[in-house]
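Please read this briefing alongside the sequence and the structure shown below.

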Amino acid sequence: MSAPEDDFRLVGAGAGERAEGSYGIPLAVLAELTHRCPLQCPYCSNPLDLEAAGRELDTAEWQRVMTELAEMGVLQIHFSGGEPAVRKDLAALVRHATEVGLYSNLITSAVMLSRDRLHALADAGLCHVQISFQAATAPLADRVGGFRNGHARKIEVAGWVRALDLPLTVNAVMHRQNLHELRAMIDMAVALDADRIEVANVQYYGWALRNRQALMPTLEQLEETTRIVEEARARLQGVLEIDYVIPDYYALRPKQCMGGWGRQFFNISPSGKVLPCHAAETITGLEFDSVRDRPLAWIWHHSEALNRYRGTGWMKEPCRSCAHKEADFGGCRCQAFALTGDAANTDPACALSPRHEDLFRLALAESAQEPPRFLYRNFSGGTVEA
């Protein structure tokens, strides 16, 4: 499904310029309500420098933002974090989304949800729930998430979600230390009556980059994972939808990151910064406009940061002459920056990148070694090894 088109023209070559081609309004927006979270996942995709609670948009600010989103023609809002259930005003935010006509999805670890609170969210008009699972068995899941008895609570909350007749997605974040439980995780999703499971191999930026060696799967694991997914798709057709994202370090083609930079999606950080993806702040040198300073519609069309890598005019070779450039839009800018130091370089996940073979060899080397201890993160800014 594509976003509706309007009369604005996208930027290709430079900041703030207009260029040929068109882009629509975003179909969906990720609302990161907070960076606070009770889990300490070693692959956390939030920025290394987390936003303090005192900097978060308040209830009225988020409600104004949602009204602006609806006026722009945005269709979906995904409430995320951190852990969005940390916010005491979550039901009020869901209710306002319903009132302005936004489809609302809650992306949650589930460990802070009670039955009564989930009922309140459903009464407010919540449309969908996505629960992250760290493994299929409690000991491993709780070790990965760094939260005692977290897995049991997730299973319990998933049951409440389906009892309320809310659609459920299982987000299965996979890596070398839990891929052996993938079959069981798919079976768990079926047992939970989930509509969909995301078999999402960890992507390496932010905190996950610090834990890359502990998380990087072997090539043999990846090949087995692909076989498991293909078999499950055939076996469970019409029962469970299975999305599958392979690790970039083993890919030959880059993924179409967020449908292309600033084309179909944006993210609003807890403090109100508008980002083309949730990891974009890892790219130094970009200044992101805030909903506290400018209207969202202005930011979407005129923000220098959103326009920096829109379209194809900014591309260098080999992307500039590539036949796939309007299919993948150069891949992930955050990964290009993390691995090459220049966000305008070809994503090394692409086989045409001069860095691709180095990336593949690095993945093979790191996955062949004994995995080190996880370096956990916590909201206070400290780290714990386990």
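Why is strand β7 (residues 168-174) largely enclosed by the rest of the structure? The reason is that 7 of its 7 residues are buried, where buried means under 20% relative accessible area, exposed over 50% and partly exposed in between, with a 1.4 Å probe and protein chains only. This is a predicted model, in which local features need pLDDT of at least 70, side-chain atom pairs count only at pLDDT 80 or more, and totals for chains, interfaces and linings use all residues. Residues are numbered from 1 along each chain as its sequence is written, and side-chain values use heavy atoms, with hydrogens and water left out.

- Helices (H or I, at least four residues) and strands (E, at least two) are DSSP runs, numbered from the N terminus.
- Strand β6 (residues 128-133) pairs with β7 in the parallel sense over 5 bridges, and two strands pair if DSSP finds at least two bridges between them.
- Val-129 has Leu-168 in β7 as its bridge partner.
- Strand β8 (residues 196-201) also pairs with β7 in the parallel sense, over 6 bridges, and there Arg-196 in β8 stands opposite Thr-169.
- A right-handed β-α-β unit is made by β7, helix α6 (residues 182-191) and β8; right-handed means that, with the strands pointing away from the viewer, the path from the first strand over the helix to the second runs clockwise.

**Nonpolar cores**

- A nonpolar core is a set of buried Ala, Val, Leu, Ile, Met, Phe, Trp, Tyr and Cys residues joined through side-chain atoms within 4.5 Å.
- The largest has 87 residues, and those touching the most other members are Leu-69, Phe-79, Ile-131, Ile-186, Ile-197, Phe-266 and Leu-296.
- Another core, of 20 residues, lies apart from it and includes Cys-257, Leu-275, Ala-279 and Phe-288.

**Arg-212**

- Arg-212 is found in helix α8 (residues 212-215) and is buried, with a relative accessible area of 13%.
- The side chains of Arg-212 and Tyr-249 are joined by a polar contact of 3.1 Å; such a contact is a pair of N or O atoms within 3.5 Å, and within protein one must be able to donate a hydrogen and the other to accept it, while residues adjacent in sequence count only if both atoms are side-chain atoms.

**Database record**

- UniProt, in an unreviewed entry, places the feature "domain: Radical SAM core" at residues 23-235; UniProt positions are given in the numbering used here, feature names are shortened, and annotations may be inferred rather than shown by experiment.
- Over residues 23-235 the chain is 42% helix and 17% strand, and the end C-alpha atoms are 38 Å apart.
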